[in-house]
Amino acid sequence: MSKGLVFLLVLLVALVALLIVRITSQEGPTIQLQGQVKGLGQSTPIEFEVRDARHSIKMAELEVRQGERVFAVPVTLAAQQKASSSWWRFWAKRPEGKAKYQARAGRKEIPGLQEGRATLHIVTTNDSWGRFFRGGRSELFLDLPVRFTPPQVQVLSFPHYVNQGGAELVVFKVSPGTTQSGVRVGDTFFPSWPVKDSMPETRLCLFAYSYNVDPATPARIVARDDAGNETVSNFVYRVFPKKFHTDTIDLKDDFMGRVVPAIMSQTPELQDEGSLLKNFLLINGQLRATDARELVAFGQKTADHFLWTVPFIRLPAKTEASFADYRTYTYNGTVVDHQTHLGFDLAGVEQMPVGAANDGVVAFAGFFGIFGNAVVIDHGCGLQSLYGHMSSIAVKEGDQVKRGQVIGRSGATGLAGGDHIHFTILLDGIPINPVEWWDPHWIHDRIEAKLAPYR
Ligand SMILES: [Zn+2]
């Protein structure tokens, strides 16, 4: 045999060996469920992603098994990324194969499904030569509870009177297996909290009708279980519409010249619009809206129980502006802006000491947009208080504070015409009227009396 023939033979054997390795490969893609699938209900959404480092995803199938019965569930391909087909370029980093699938599985899709337990079974293959050209295969099994009865809700408190711009408390009981419950007012969901650790199914829920929510908007108790079943329950309440003050602010160059550059210098994300008035309007509109979204984020950092026991303290100072004043801004006689003032402006002596309105934990302390140097204190169950325009801050995030404890001094930082404190109460980050929380009668009737049976 010539050397050339030997070489060809060796090459042929190597290629055959490589082919055998490839077509007998079992290696399949990896399957990952997205989100939390904790059970099957009326129509539970199921989403999963399939990935393969070297091959594209060929297909995915979903079935639900219950005892001897197997139910096929249709899946939809939601997104796909093919792996690079240039397999011979083994030295280069190639994009992996990826596919996202969506399905719904529950009584609606599977009429034969029964309450109890079931197994979710997902099978996928890639487009490799593995398993004699059928593609590498992988599967996933998940044992799940099946529940069709939605959570039950019983309302335990009464009456429920809400002032527009204000809040109210409802106590209700949910059935075991409920994973999320609260009150939905329009598009806003206010989560509930256990009345105490030993009674996880008896829930207290503060909810609000924001100053700008139509009093005719329905409020409903919503409860969901781990299988995705949802109950929407009515309860009896009355909303009292409220008229808020209007106010006109005449913008002066010296005021804008003092506040605008100071805020711009601390807020690098704001683009200089080239004029004092334009920059003021940017701060008054865009930055105000950004700050409002940030307050909603602070609202998530809340304790799962009330950290306070007695009514909130009002600073002993003069009211210069009140909650939900509708402000018209003029400049040289022309209307240039409208905004709503969502708090109380309280002015006393210059750099007056500012006490915490109630017991709590500092959720934020620092420079905060239009509020200048500000402190947010968490009082639990989504309830927080905000102090703005401070000259100095005496606490830091995470500090526990006592009712009346000095947390800093008043000032004129941020959008402030003079030395004062901008104070408001927040529920899940939404400003609500502080007047209610300062009022011992309101606290007694609306909050204490309803929670007394569980204390
Ligand atoms: Zn203010």
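## Domains 2 and 3

The centres of domain 2 and domain 3 lie 27 Å apart, taken over C-alpha atoms. This is a predicted model, where local features need pLDDT of at least 70, side-chain atom pairs count only at pLDDT 80 or more, and totals for chains, interfaces and linings use all residues. Residues are numbered from 1 along each chain as its sequence is written. The domain assignment gives domain 1 (26-146), domain 2 (153-240) and domain 3 (246-433 + 442-454); such bounds come from an automatic or database assignment.

Who does the touching? Domain 2 puts 20 residues into the contact and domain 3 puts in 18, with contact meaning that C-beta atoms, placed from the backbone, lie within 7 Å. On the domain 2 side, strands S11 (167-174), S13 (188-191) and S15 (202-208) each supply at least two residues. Strands here are DSSP runs (E, at least two residues) and helices are runs of H or I of at least four, both numbered from the N terminus. That side of domain 2 has 12 nonpolar, six polar and two charged residues. For the classes, Ala, Val, Leu, Ile, Met, Phe, Trp, Tyr, Cys and Pro count as nonpolar, Asp, Glu, Lys and Arg as charged, and the others, Gly among them, as polar.

S14 and S15 run antiparallel and share two bridges, and Trp193 has Leu204 in S15 as its bridge partner.

## The three-stranded sheet

Another open sheet has three strands in the order S24-S30-S28, again with antiparallel pairing. Strands S24 (353-355) and S28 (392-393) are at the edges with a single partner strand each, so one side of each has no neighbour in the sheet. S24 is joined to S30 (residues 406-409) by three bridges, and Gly355 sits opposite Val406 in S30.

## Helix H1

H1 (residues 3-23) has 21 residues and spans 30 Å from first C-alpha to last, close to the expected 30 Å at 1.5 Å a residue; the expected span is 1.5 Å times one less than the number of residues. H1 is hardly covered, with a buried count of zero among its 21 residues. Buried means 20 or more other C-beta atoms, placed from the backbone, within 10 Å of a residue's own.

How values were computed. Contact = placed C-beta atoms within 7 Å. Buried ≥ 20, exposed ≤ 12 C-beta atoms within 10 Å, placed from the backbone. Pairing = 2+ DSSP bridges.
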